[in-house]
Amino acid sequence: MEDKKKVEAVLFTTGRFMDLDEISKACGIGSIGYIKELIEKLKKDFFEKDSALTIQELDDKYKLNIKKEYGQITNKL
């Protein structure tokens with residue numbers, strides 16, 4: 001499995017803010033620095049694809065989320 005996709009899957013599944021250590025443990029990847037690199041790559045991927053998804057960061061925690069402009073659509077669900 002590709003490590004970047006592991007991080008994406010974990011963030012998608014949990015739906016909550018997670019710190020780098022939690023993400024690392026969930027993915028079975030020991031390097032927190034490497035996890036941070038993978039998150040940055042995911043952010044870039046979502047930006048380049050003009051995706052409705054984004055990775056939010058708050059107090060050194062990360063969460064996969066819908067961009068603000070799509071919030072009204074998803075709130076109806």
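Me: What should I know about the model before reading it?
Reply: This is a predicted model, in which local features need pLDDT of at least 70 and side-chain atom pairs count only at pLDDT 80 or more, while totals for chains, interfaces and linings use all residues. Residues are numbered from 1 along each chain as its sequence is written, and side-chain values use heavy atoms, with hydrogens and water left out.

Me: What span does helix H1 reach from its first C-alpha to its last?
Reply: Helices (H or I, at least four residues) and strands (E, at least two) are DSSP runs, numbered from the N terminus. The expected span of a helix is 1.5 Å times one less than its number of residues. H1 (residues 3-14) has 12 residues and reaches 17 Å, close to the 16 Å expected. Just after H1, Gly15 takes a positive phi of about 65 degrees.

Me: Which residues of H1 are buried?
Reply: Buried means under 20% relative accessible area, exposed over 50%, and partly exposed in between (1.4 Å probe, protein chains only). In H1, the buried residues are Lys4, Val7, Val10 and Leu11. They are on the same side of H1, because they cover an arc of only 130 degrees around the axis; the arc is that of the directions from the helix axis to the C-beta atoms. Lys5, Phe12 and Thr13, on the other side of H1, are exposed.

Me: What do the buried residues of H1 pack against?
Reply: Contact means heavy atoms within 4.5 Å. The buried residues of H1 pack against strand E1 (18-19), helix H2 (20-27), helix H3 (32-48), E2 and E3.

Me: How many salt bridges are there?
Reply: Side chains of opposite charge can pair when their charged atoms come close. A salt bridge is a side-chain nitrogen of Lys or Arg within 4 Å of a carboxyl oxygen of Asp or Glu. The count comes to 10 salt bridges. One of them joins Asp45 and Lys4, with the closest N and O atoms 2.5 Å apart. Asp45 lies in helix H3 and Lys4 in helix H1, so this pair ties together parts that are 41 residues apart in sequence. Both Asp45 and Lys4 are buried.

Me: Where do Asp21 and Lys25 lie?
Reply: Asp21 and Lys25 are 4 residues apart in helix H2, so about one helical turn separates them. Their side chains meet in a salt bridge (3.1 Å, N to O). Asp21 is partly exposed at 34% relative accessibility, whereas Lys25 is exposed at 62%.

Me: Which residues are linked in a network of salt bridges?
Reply: The network links Lys36, Glu40, Lys43 and Glu57. Within it, Glu57 and Lys43 meet at 3.4 Å, N to O. That pair links distant parts of the chain, with Glu57 in strand E2 and Lys43 in helix H3, 14 residues apart.

Me: Which residues form a nonpolar patch on the surface?
Reply: Patches are made of residues with over 30% relative accessible area and no salt bridge; like charges are joined within 9 Å, nonpolar side chains (Val, Leu, Ile, Met, Phe, Trp, Tyr) within 5 Å. Ile66, Tyr70 and Ile73 form the patch, with about 260 Å² of accessible area together, by the Shrake-Rupley method with a 1.4 Å probe, where only the protein chains shown count as cover for residues.

Me: What is the phi of Asp59, and what is that of Asp60?
Reply: Most residues other than glycine have a negative phi. Phi is positive in both cases here, near 55 degrees in Asp59 and near 60 degrees in Asp60.
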